[in-house]
Amino acid sequence: MSPSSSDTVPLGLRFVRGDATSPQAAGPKVIAHVCNDRGGWGKGFVLALSQRWPESERDYRAWHRRRAENDFGLGAVRLVRVKPDVWVANMVAQHGIRRGSGGPPVRYEALADCLRALAPRVLELEATVHMPRIGCGLAGGTWGRVQPLIESELLARGVRVTVYDTGP
């Protein structure tokens with residue numbers, strides 16, 4: 001769903017129809033997506049990532065497996081270089097994998113932490129960020145809560161973001 005013509009799209013944010021694993025931009029690119037804190041990888045957008053760049057999944061699984069020795073947990077981000085000019089940002093912002101009495105699995109505070117940590121790294125790479133509507137698929141979030149986080153944590157710091165929508 002792209003914004004309607006009456007919606008105001010913030011400077012630095014664009015919506016396109018397409019596949020976030022085929023970023024539409026010149027120069028360095030970071031593909032950002034939400035991961036869960038349980039080590040699960042097998043549904044949703046991650047399937048497209050794994051098909052295109054299996055190293056993004058391998059790195060996430062190893063990061064989770066060694067979590068007692070590293071920073072893996074809600075709010076953590078790990079960049080995986082998959083091409084000379086493309087990185088995948090595995091952002092841990094989902095608690096578990098199912099909706100329960102605690103609401104949807106997405107954790108907005110953790111997502112804000114991830115985006116805040118991602119911004120300086122993207123700026124250092126002189127990259128743009130590309131993503132599906134993060135946190136809004138299997139994570140159960142709403143775009144009305146996610147977009148303001150992107151605005152405050154990425155756009156406000158000068159990071160340009162492209163959001164990819166699929167379907168008609």
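1. Valine 106 is found in the loop between β4 and α3 (108–125); helices (H or I, at least four residues) and strands (E, at least two) are DSSP runs, numbered from the N terminus. The structure is a predicted model, in which local features need pLDDT of at least 70, side-chain atom pairs count only at pLDDT 80 or more, and totals for chains, interfaces and linings use all residues. Residues are numbered from 1 along each chain as its sequence is written, and side-chain values use heavy atoms, with hydrogens and water left out.

2. Valine 106 is buried, with a relative accessible area of 3%; buried means under 20% relative accessible area, exposed over 50%, and partly exposed in between (1.4 Å probe, protein chains only). Not counting residues up to four places away in sequence, valine 106 touches Ala93, Gln94, Gly135, Ala139, Gly140 and Gly141, where contact means heavy atoms within 4.5 Å. Glycine 141 is 35 residues from valine 106 in sequence, and their C-alpha atoms are 5.9 Å apart in space.

3. Leucine 13 belongs to strand β1 (residues 13–17) and counts as buried at 7% relative accessibility. Apart from residues up to four places away in sequence, leucine 13 touches Gln147, Leu155, Val161 and Val163.

4. Glycine 39 and glycine 27 are 12 residues apart along the chain, and their C-alpha atoms are separated by 31 Å.

5. Helix α2 (residues 54–65) has 12 residues, which at 1.5 Å a residue should span 16 Å; the end C-alpha atoms are 17 Å apart, in agreement with that value. The expected span is 1.5 Å times one less than the number of residues. Ser56, Asp59, Tyr60, Ala62, Trp63 and His64 are the buried residues of α2. These buried residues pack against β2, α1, β3 (77–83) and β4 (86–94).

6. The structure holds eight salt bridges, each defined as a side-chain nitrogen of Lys or Arg within 4 Å of a carboxyl oxygen of Asp or Glu. Side chains of opposite charge can pair when their charged atoms come close. One of the salt bridges joins lysine 29 and aspartate 85, with the closest N and O atoms 3.3 Å apart. This pair links distant parts of the chain, 56 residues apart: lysine 29 is in strand β2, and aspartate 85 is in the loop between β3 and β4. Lysine 29 is buried, with a relative accessible area of 7%, whereas aspartate 85 counts as partly exposed at 28%.

7. Arginine 78 forms a salt bridge with aspartate 59, the closest N and O atoms lying 2.7 Å apart. Here too distant parts of the chain are linked, with arginine 78 in strand β3 and aspartate 59 in helix α2, 19 residues apart. Arginine 78 counts as partly exposed at 26% relative accessibility, while aspartate 59 is among the buried residues of α2.

8. Glutamate 153 and arginine 157 meet through their side chains in a salt bridge (3.0 Å, N to O). Salt bridges that share partners join Asp113, Arg116, Glu153 and Arg157 into one network. Glutamate 153 is buried, with a relative accessible area of 9%; arginine 157 counts as partly exposed at 38%.

9. Glutamate 126 is in the loop between α3 and β5 (128–131). Although glutamate 126 is not a glycine, its phi is positive, at about 55 degrees. Glutamate 126 counts as exposed at 68% relative accessibility.

10. The largest pocket has a volume of about 650 Å³. Of the 29 residues that line this pocket, Lys43, Gly44, Phe45, Val46 and Leu138 are the closest to its centre. On a 1 Å grid over the protein atoms alone, a pocket is an open set of points where a 1.4 Å probe fits, with protein on both sides within 12 Å along at least five of seven lines; lining residues have an atom within 4 Å of a point. Grid points are joined across faces, edges and corners, and the volume is the space filled by probe spheres set on the points.

11. β2 (29–36), α1 (45–52) and β6 (161–165) each supply at least two residues of the lining of the largest pocket. β2 gives the most, with four residues. By class, the lining has 14 nonpolar, 10 polar and five charged residues. Ala, Val, Leu, Ile, Met, Phe, Trp, Tyr, Cys and Pro count as nonpolar, Asp, Glu, Lys and Arg as charged, and the others, Gly among them, as polar.
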